[in-house]
Amino acid sequence: MLLVLHSKSQSDTHFNCQEGAFDNALQGSDAIFHIASPVHYNAIEPSEVIDSAIAGVTGILTSALKHGQSVKRIVLTSSVGAICTPTLDPHHVFTESDWNDESVRKVHTKGRDALGLDKYKASKVLSERAA
């Protein structure tokens, strides 16, 4: 099993995930559990959370393709924020086709003026789609 934590520098609000960051850690691993994504609601630019979330998930998957020959299973956890929107019918039954496109649209439209929670939810939607 593999446990890798994103590192965060003291001077930067972006989480570091350089290309190949997981390559060595994956050698000999039989499973990957991607259970974390940058979570903070004080990001000024949406890219502070969105780019980091996408880089984290695509980075681990790219490393798995290149160097994870022993990996048998990958588990990608998420957040209800990736699917729920406040405008949905309370009796709605969710399926794999549900996405919180509302938060993505708000972030695209408002940019840095979007709410921190919408930036986070958009990061979950976009990183899952990237996976």
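A: Lys106 is partly exposed, with a relative accessible area of 29% (buried means under 20%, exposed over 50%, and partly exposed in between, with a 1.4 Å probe and protein chains only). This is a predicted model, in which local features need pLDDT of at least 70 and side-chain atom pairs count only at pLDDT 80 or more, while totals for chains, interfaces and linings use all residues. Residues are numbered from 1 along each chain as its sequence is written, and side-chain values use heavy atoms, leaving out hydrogens and water.

Let's start with the partners of Lys106. Glu102 makes a salt bridge with Lys106, and their closest N and O atoms are 3.4 Å apart (a salt bridge is a side-chain nitrogen of Lys or Arg within 4 Å of a carboxyl oxygen of Asp or Glu). Glu102 and Lys106 are 4 residues apart in helix α3, so about one helical turn separates them (helices are DSSP runs of H or I with at least four residues, strands are runs of E with at least two, and both are numbered from the N terminus). Glu102 is buried, at 16% relative accessible area. Asp118 also forms a salt bridge with Lys106, with 3.9 Å between the closest N and O atoms. Here Asp118 sits in helix α4 and Lys106 in helix α3, so this pair ties together parts that are 12 residues apart in sequence. Asp118 counts as buried, with a relative accessibility of 8%. Taken together, Glu102, Lys106 and Asp118 are linked in a network of salt bridges. As background, side chains of opposite charge can pair when their charged atoms come close.

Thr87 lies in the loop between β4 (73-76) and α3, and Thr87 is exposed at 62% relative accessibility. Although 15 residues separate Thr87 from Glu102 along the chain, their C-alpha atoms are 9.1 Å apart.

Now for the other end of α3. A search of the whole structure finds 4 salt bridges, and one of them joins the side chains of Glu45 and Arg112 at 3.0 Å, N to O. Glu45 belongs to the loop between β3 (31-34) and α2, and Arg112 to the loop between α3 (101-110) and α4, so the pair ties together parts that are 67 residues apart in sequence. Glu45 is partly exposed at 33% relative accessible area, and Arg112 is likewise partly exposed, at 48%.

Helix α4, which holds Asp118, takes part in other features. Leu117 is found in this helix, residues 116-130, and is partly exposed with a relative accessible area of 41%. Along with Val39, Tyr41 and Leu115, Leu117 makes a nonpolar surface patch of about 410 Å² (patch residues have over 30% relative accessible area and no salt bridge; like charges are joined within 9 Å, and nonpolar side chains, namely Val, Leu, Ile, Met, Phe, Trp and Tyr, within 5 Å; areas come from the Shrake-Rupley method with a 1.4 Å probe, and for residues only the protein chains shown count as cover).

α4 also gives the most to the lining of the largest cavity, with 3 residues (on a 1 Å grid over the protein atoms alone, a cavity is a set of points where a 1.4 Å probe fits but cannot get out, and lining residues have an atom within 4 Å of a point). The volume of this cavity is about 30 Å³ (the space filled by probe spheres set on grid points, which are joined across faces, edges and corners). His34, Ser37, Val57, Leu76, Thr77, Lys124, Ser127 and Glu128 form the lining.

Val57 leads on to helix α2, where the buried residues include Val57, Gly56, Ile60 and Ala64. α2 (residues 47-67) has 21 residues and reaches 28 Å from its first C-alpha to its last, close to the 30 Å expected at 1.5 Å a residue (the expected span is 1.5 Å times one less than the number of residues).

To place all this in the whole chain, there are 4 helices and 4 strands, following the pattern β-β-α-β-α-β-α-α along the sequence. Of the 131 residues in the chain, 37% are buried.

Terms used:
On a 1 Å grid over the protein atoms alone, a cavity is a set of points where a 1.4 Å probe fits but cannot get out, and a pocket is an open set with protein on both sides within 12 Å along at least five of seven lines; lining residues have an atom within 4 Å of a point.
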